[in-house]
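Okay, thanks everyone for coming.

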Amino acid sequence: MRLALDIAFGHLTTRKRQTLVSLTGVVLGVAFFLAVSSLMRGSEKDFLKRLVDNSPHITVSDEYRRPREQPAALRWSDGAIAISNVKPQTETRGIRGYRQKLEFVEALPGLRVAPVLYGSAVLTFAGRQEGVALSGVIPETLKGVSTIDEKIIEGSIGALSANPNGIVIGKGLAGKFNLSLGSTLAVSAPGTPSRSMKVVGIFRTGQASYDDTQTYVLLKRAQVLLDRPNRVNRFIIQLDDPYAARDTASRIEAAIGYKALSWAEASEDIVSLLLVRNIIMYSVVSAILIVASFGIYNTLSTIVMEKTRDIAIMKSMGFHARDVRRIFVLEGLIVGTVGSLFGLALGLVFMKALSEVSLRPPGVTEAVNLPIWWGPEQYALAAAFALGSCLVAAYLPARRAGAVHPVDILRGST
Amino acid sequence: MSAVLRAESLVRRLEGEVPVTLVDGVSLEIERGQFIAIMGPSGSGKSSLLYLLGLLDVPTQGRVWLDGQDTSTYREDELADRRLRKLGFVFQFHFLLAEFTVLDNVTLPMRRLGELDAEAASARGMKLLGDLGVADQAAKRPHQLSGGQRQRVAIARALANDPLVILADEPTGNLDSASSANVQQILRDLAHVSGKTVVAVTHDGTFASAADQRIGLVDGKINNEWPTRMPA
């Protein structure tokens with residue numbers, strides 16, 4: 001191996017300019033690979049973080065993915081029973097026995113859960129009416145699973161505990177009705193009498209549809225307002241590891257029977273979009289390295305052509321075809337390794353420079369920096385791809401070199 | 001004495017639209033320590049015969065025995081191993097590797113064989129260069145040497161693994177008369193003093209006159225009248 005390395009180095013160092021051109025191709029390929037990959041993965045992670053932070057990791061609702069098995073079918077599972085036209089019994093909607101189910105979920109490690117009764121209500125103020133989404137919550141548990149507390153601009157979510165007739169509304173709704181902290185308004189749900197409630201908090205998320213229509217009241221008050229005593233219809237769950245949401249949701253759904261929707265499942269279209277985007281990105285940056293590998297192919301092909309007589313004489317000395325192939329594959333590996341090392345260093349410089357670029361998108365008050373991902377996998381991926389390309393590029397000339405028949409060359413030289 | 005190199009009915013034919021027979025039914029036996037000159041007109045198949053005897057080429061028909069072993073069943077790698085251990089080649093052009101020093105060129109076959117460590121290989125390389133009178137050129141690159149010096153380095157490289165047989169293809173073809181005489185003397189000494197078998201293809205009658213035996217080749221066939229017609 002040492003001998004092959006010496007010969008490989010000898011070939012590369014005697015063709016300095018061509019070697020340098022090949023090397024530069026690999027260096028730039030790896031550097032651009034890293035810069036683009038870190039930027040794209042950074043923006044992906046930033047996007048997912050926002051997605052994950054601003055929505056529950058798992059939402060358990062009072063729905064089933066499949067209709068429940070009928071008792072008759074369970075009793076005579078082997079029987080020739082066909083049940084059709086089943087009408088649901090009239091009942092109060094919600095998660096049945098939610099306290100036991102909540103206890104089960106609370107006992108799972110690495111998560112926080114809040115029960116919510118979610119419904120629709122009509123808000124009346126000064127003769128104007130507006131349909132709103134009403135969430136009945138327990139303020140203490142909500143804080144652990146939602147960032148709404150951080151979005152409060154006046155009052156607090158906690159004020160609901162002190163004032164059972166309190167309501168927290170969004171800034172959009174407050175603006176529409178000209179409401180402020182302490183204003184009183186009437187809230188009613190279909191089939192229930194109207195109740196007078198006092199604004200104890202105003203939030204602003206920046207998401208207009210949410211700020212215009214979402215309201216929070218105390219869970220017990222929501223149960224009265226929506227006429228669903230002792231019921232909740234949602235568990236909102238937040239995990240320590242958001243990426244475990246899919247598995248945890250399956251586990252919860254299997255245990256309690258109700259539909260548990262993870263953020264990943266709910267955002268499947270977005271995650272698919274990001275995957276497609278990554279495939280496009282890696283295809284483009286890989287193309288740079290593939291182009292660079294043509295430089296190596298060109299260099300090594302030229303060396304093989306120029307060194308045909310040397311190859312012939314080495315084979316006449318007793319070198320095997322595989323010895324000769326090894327020399328040229330090593331040349332590709334040397335260019336790949338050195339190119340990757342310098343490329344990684346240059347890529348880090350590019351990444352640092354990109355991370356300091358500050359942009360102010362239209363309509364945004366604060367400048368944002370380009371999101372750069374510094375994860376180690378991309379360095380390994382860039383280097384591995386560069387080495388792989390170099391190996392493939394080197395193998396073709398190496399195979400040709402190994403196939404040189406010394407007599408054909410010697411006969412032409414003498 | 002036993003035959004170190006034996007050929008039996010060697011035929012080498014190049015297939016194609018017009019098949020060409022390079023070597024046509026050559027049989028010969030070469031003893032250990034002999035200096036053999038193969039002579040003949042251009043295109044008579046001298047080099048082709050040398051390549052067959054040197055296991056660089058495979059005969060279309062016939063067999064070659066090297067050191068008593070039939071090589072006709074050997075695979076390519078086995079032939080390469082025999083060349084590495086038992087044969088040394090000297091060509092008309094020196095074919096030294098330009099990237100390496102003279103000493104590195106000489107130690108190349110030893111490093112490939114891998115039986116000597118780097119220090120021992122260098123010491124042997126220096127001794128061979130010393131024996132051939134070019135030890136002082138050891139650190140130079142081939143392009144810094146004269147033609148005669150390069151050919152002596154090529155001979156040193158051929159001797160690197162202490163081969164049984166040296167095969168030389170027009171070794172003096174590119175040299176002036178003084179260098180040519182020097183190389184001729186070296187090859188004769190290798191046979192007569194060191195006991196190597198030397199088989200050399202040559203056009204040079206003076207060179208051939210130093211050989212123990214001259215084999216004439218005409219149209220790929222042995223024709224022993226040919227050497228006698230050559231000027232001495």
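So, look at helix α13 of chain A, residues 268-306, and helix α16 of chain A, residues 377-402: in this predicted model they pack at an angle of about 25°, with their axes 8 Å apart. Anything under 35 degrees counts as roughly parallel, so that's what we call α13(A) and α16(A). As for handedness, α13(A) passes α16(A) in a right-handed crossing.

Who makes the contact? On α13(A), the residues include Leu289(A), Ile290(A), Phe294(A), Tyr297(A) and Leu300(A). Across from them, α16(A) brings, among others, Phe385(A), Cys390(A), Val392(A), Leu396(A) and Pro397(A). Sorted by class, the residues of this contact come out as 17 nonpolar, 4 polar and 1 charged. Arg400(A) of α16(A) is also part of the contact.

Okay, zooming out to chain A as a whole.

How many residues of chain B are in contact with chain A? It's 25, and they meet 20 residues of chain A. On the chain B side, the elements giving two or more residues are α1 (46-53), α2 (76-86) and α3 (102-113). By class, the side of chain B that touches chain A has 13 nonpolar, 2 polar and 10 charged residues.

Technical notes
Residues numbered from 1 in each chain as written. Chains lettered and ligands numbered in written order. Predicted model: local features only at pLDDT ≥ 70, side-chain atom pairs only at ≥ 80, totals over all residues. Axes fitted to C-alpha atoms, helices over the stretch in contact; angles between N-to-C directions. Helix = DSSP H or I, 4+ residues; strand = E, 2+ residues; numbered from the N terminus. Parallel < 35°, antiparallel > 145°, perpendicular 65-115°, else oblique. Left-handed = near helix turned anticlockwise from the far one by under 90°. Contact = placed C-beta atoms within 7 Å. Nonpolar A, V, L, I, M, F, W, Y, C, P; charged D, E, K, R; others polar.
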